[in-house]
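Student: Hey, I've just opened this one and I'm new to it. Can you walk me through what's on the screen?

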Amino acid sequence: MFKLVALGDGAVGKTSCIRRYTEGSFSERYIATIGTTFALKTLEVDLPTGSRVTARVVLWDLAGQPTYNELRRRYMAGASMAIIVYDVTRPQTFLDIGEWYTKLITVCPNAVVAVVANKIDRPDRLVPPEAGSMVEDWLDVLHYQTSAKTGENVDTLFTDLVTRAIAKQHELGPLDPTSTGMQSQKPFKLGV
Ligand SMILES: Nc1nc2c(ncn2[C@@H]2O[C@H](COP(=O)(O)OP(=O)(O)OP(=O)(O)O)[C@@H](O)[C@H]2O)c(=O)[nH]1
Ligand SMILES: [Mg+2]
């Protein structure tokens, strides 16, 4: 069982990427995530050693709005993977990536991280693909260009992350079973 957290500014498409991956659907309507929610996914992963394993992933979807900073810090604990998402039509969301990365690495220094350039289907794209490649070298993270709308690269993104997380777990040894956050914490909503 692996824990993944989704980070990034409000409305960049964190919920949409998770929904596309776990349910195969997409909605144009923006409904800001309140507090946290989670989804589960079971997948088969081919390891570089040639063996095939079944992995279970808990995908925590954390609200991007700044009010939830404290909550987010608590929910990042124990994550072995993270996606940091930005919206290619809003440069500010790209500029905020460094800050998200710092927040994450302070809590989860061993997490496998992917920076995700989302909404690449949009004709009004402003952040070019080269900017994402620069981040890959700068922060030593994986980098993907996705569209939750068309589904482009979404499966690849998550499958690669899980494959890397499994490889890393082999390097570091097994994690504390309570660290998925499932045993000790329940998702809850704020403001309702
Ligand atoms: N065209 C296009 N629109 C997208 C894509 N991904 C998300 N959107 C739209 O962007 C808006 C925000 O998406 P969400 O997935 O709710 O964003 P979020 O990052 O979860 O936002 P918070 O929960 O507020 O942090 C919605 O209207 C989505 O339909 C995409 O790949 N392409
Ligand atoms: Mg959301």
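Student: Leaving aside its neighbours within four places in sequence, which residues is Leu-40 in contact with?
Tutor: Keep in mind that this is a predicted model. With those neighbours set aside, Leu-40 has contacts with Arg-56 and Val-58.

Student: And where does Leu-40 sit, in which strand?
Tutor: Look in strand 2.

Student: How far is Leu-40 from Tyr-75?
Tutor: In sequence, 35 residues; in space, they are 16 Å apart, going from C-alpha to C-alpha.

Student: Back to strand 2. How does strand 2 pair with strand 3?
Tutor: In the antiparallel sense, over eleven bridges, with strand 2 covering residues 36–46 and strand 3 covering 52–62.

Student: OK, zooming out. What order do the six strands of the sheet have?
Tutor: The order is 2-3-1-4-5-6, in an open sheet with mixed pairing.

Student: Which strands stand at the edges?
Tutor: Strand 2 and strand 6 (142–145). Each has a single partner strand, so one side of each is left with no neighbour in the sheet. From one strand to the next, the twist averages 25 degrees.

Student: What about helices? Which strands does helix 4 lie across?
Tutor: Helix 4, residues 97–107, lies across strand 1 (2–7), strand 4 (81–87) and strand 5 (112–118). Relative to strand 4, helix 4 runs at about 165 degrees. Helix 5 (residues 129–139) packs on the sheet as well, touching strand 5 and strand 6. The direction of helix 5 makes about 165 degrees with that of strand 6.

Student: Switching topic: how many residues surround ligand 1?
Tutor: There are 24, and the closest are Gly-13, Thr-15, Ser-16, Thr-33 and Gly-64.

Student: What does that shell look like by class?
Tutor: Around ligand 1 you'll find six nonpolar, eleven polar and seven charged residues.

Student: And which helix gives the most to the shell?
Tutor: Helix 1, residues 14–23, which supplies three residues to the shell around ligand 1.

Technical notes:
Residues are numbered from 1 along each chain as its sequence is written. Chains are lettered from A and ligands numbered from 1 in the order in which they are written. This is a predicted model: local features need pLDDT of at least 70, side-chain atom pairs count only at pLDDT 80 or more; totals for chains, interfaces and linings use all residues. A residue is near a molecule or strand if its C-beta atom, placed from the backbone, lies within 6 Å of it. Helices (H or I, at least four residues) and strands (E, at least two) are DSSP runs, numbered from the N terminus. Ala, Val, Leu, Ile, Met, Phe, Trp, Tyr, Cys and Pro count as nonpolar, Asp, Glu, Lys and Arg as charged, and the others, Gly among them, as polar. Two strands pair if DSSP finds at least two bridges between them. Two residues are in contact if their C-beta atoms, placed from the backbone, lie within 7 Å. Axes are lines fitted to C-alpha atoms, for helices over the stretch in contact, and angles run from 0 to 180 degrees between N-to-C directions.
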